[in-house]
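Here is a short report on one protein structure.

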Amino acid sequence: MLPAAAVFHFPWEVKSGRVVEGTSLRTFGRLTSYESEESRATLSSHNALEEHTVTIKTQFVEPFNPIMGAQYLVLGEVENVEGVGVVVQARVLNCVDGVNVPLLQKAINEQRAFFEEREEREEKSAKRSRLDDG
């Protein structure tokens, strides 16, 4: 059986610790720094008036030809690294410069709403099924 698909998380959710260590996720942000000798990059994104950063370990996606200031989409796993905090171990790191970030955020919210609604319908259906059987 295939593992569950990685869920989109906003950068501010990743940094806040709402994502459990070992969880696969997708996130995005603008590349603000890259340290090749450390295999580490930093993505940043704005929410309201705050700038949020996410540290990305890039060792599995190297050689990596960074485009500073470009938008990137990351697929990876969350790790807690002592002295650094929450880090995403990148499995895929794609440049998506030119993406409409507000539209991407809206799409993520719409997808979440759809999944929540679908889960509620499935729960109601399962509850009805148990009542019919009982």
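This is a predicted model. Its largest pocket has a volume of about 260 Å³. Strand 1 (7-8) and helix 2 (101-133) are the elements that each give two or more residues to the lining of this pocket. Helix 2 supplies the largest share, 7 residues.

Which residues line the largest pocket? The lining consists of Ala5, Ala6, Val7, Phe8, Arg26, Ile108, Gln111, Arg112, Phe115, Glu116, Arg118 and Glu119. By class, 6 of the lining residues are nonpolar, 1 is polar and 5 are charged.

How can such a space be found? Rolling a probe the size of a water molecule over the atoms shows where empty space is left.

Now turn to the strands. Strand 5 (residues 71-81) pairs with strand 2 (residues 24-35). Strand 5 also pairs with strand 6 (residues 85-95). The table sets out both pairings.

| Strand 2 and strand 5 | antiparallel | 7 bridges | Thr27 with Val74 |

What do strand 5 and strand 6 form, and how many residues lie between them? They form a hairpin, with 3 residues between the two strands. Gly83 sits in the turn and has a positive phi of about 85°.

Technical notes: Residues are numbered from 1 along each chain as its sequence is written. This is a predicted model: local features need pLDDT of at least 70, side-chain atom pairs count only at pLDDT 80 or more; totals for chains, interfaces and linings use all residues. Side-chain values use heavy atoms; hydrogens and water are left out. On a 1 Å grid over the protein atoms alone, a cavity is a set of points where a 1.4 Å probe fits but cannot get out, and a pocket is an open set with protein on both sides within 12 Å along at least five of seven lines; lining residues have an atom within 4 Å of a point. Grid points are joined across faces, edges and corners, and a volume is the space filled by probe spheres set on the points. Helices (H or I, at least four residues) and strands (E, at least two) are DSSP runs, numbered from the N terminus. Ala, Val, Leu, Ile, Met, Phe, Trp, Tyr, Cys and Pro count as nonpolar, Asp, Glu, Lys and Arg as charged, and the others, Gly among them, as polar. Two strands pair if DSSP finds at least two bridges between them.
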